[in-house]
Amino acid sequence: MENSSVLLHIHNIQKYYGSNNSNIVKALDDISFDVQKGEFLGIMGSSGAGKSTLLNMIGAIEKPDSGSII
């Protein structure tokens with residue numbers, strides 16, 4: 001995080017579901033963004049795009065397979 005006005009830093013988040021190689025589903029694949037102080041953010045996408053998974057990770061309900069949330 002370079003700027004002190006960054007409230008949320010999402011860096012290279014990845015989340016996969018499934019147990020064997022043929023059934024692995026990419027819920028989030030290399031997602032990165034920052035949220036600045038005073039900024040509003042909307043999360044949009046089609047059904048199954050990973051919106052709830054991302055929000056669960058930001059809220060510390062789920063852990064990403066890789067990447068960081070600060």
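Analyst: Quick ground rule first: buried means under 20% relative accessible area, exposed means over 50%, and partly exposed is whatever falls in between (1.4 Å probe, protein chains only). This is a predicted model, where local features need pLDDT of at least 70, side-chain atom pairs count only at pLDDT 80 or more, and totals for chains, interfaces and linings use all residues. Residues are numbered from 1 along each chain as its sequence is written, and side-chain values use heavy atoms, leaving out hydrogens and water.

User: Why is Ile 43 called partly exposed?

Analyst: Its relative accessible area is 32%, so it lands in the middle class. Ile 43 sits in the loop between β2 and α1 (51-58). Helices (H or I, at least four residues) and strands (E, at least two) are DSSP runs, numbered from the N terminus.

User: What makes the His 9 and Asp 34 side chains a polar contact?

Analyst: They come to 2.4 Å. The term asks for a pair of N or O atoms within 3.5 Å; within protein, one must be able to donate a hydrogen and the other to accept it, and residues adjacent in sequence count only if both atoms are side-chain atoms.

User: How do you know that β1 pairs with β2?

Analyst: Pairing takes at least two DSSP bridges between the strands, and β1 has nine to β2 (residues 25-36), running antiparallel. For example, Lys 15 has Leu 28 as its bridge partner in β2. With β3 (residues 66-69), β1 has three bridges, also antiparallel; there, Ile 10 is partnered by Ile 69.

User: What makes the largest nonpolar core a core?

Analyst: A nonpolar core is a set of buried Ala, Val, Leu, Ile, Met, Phe, Trp, Tyr and Cys residues joined through side-chain atoms within 4.5 Å. The largest one has seven residues: Leu 8, Ile 10, Ile 13, Leu 28, Val 35, Leu 54 and Met 57. β1, β2 and α1 are the elements that each give two or more residues to this core, and the largest share, three residues, comes from β1.
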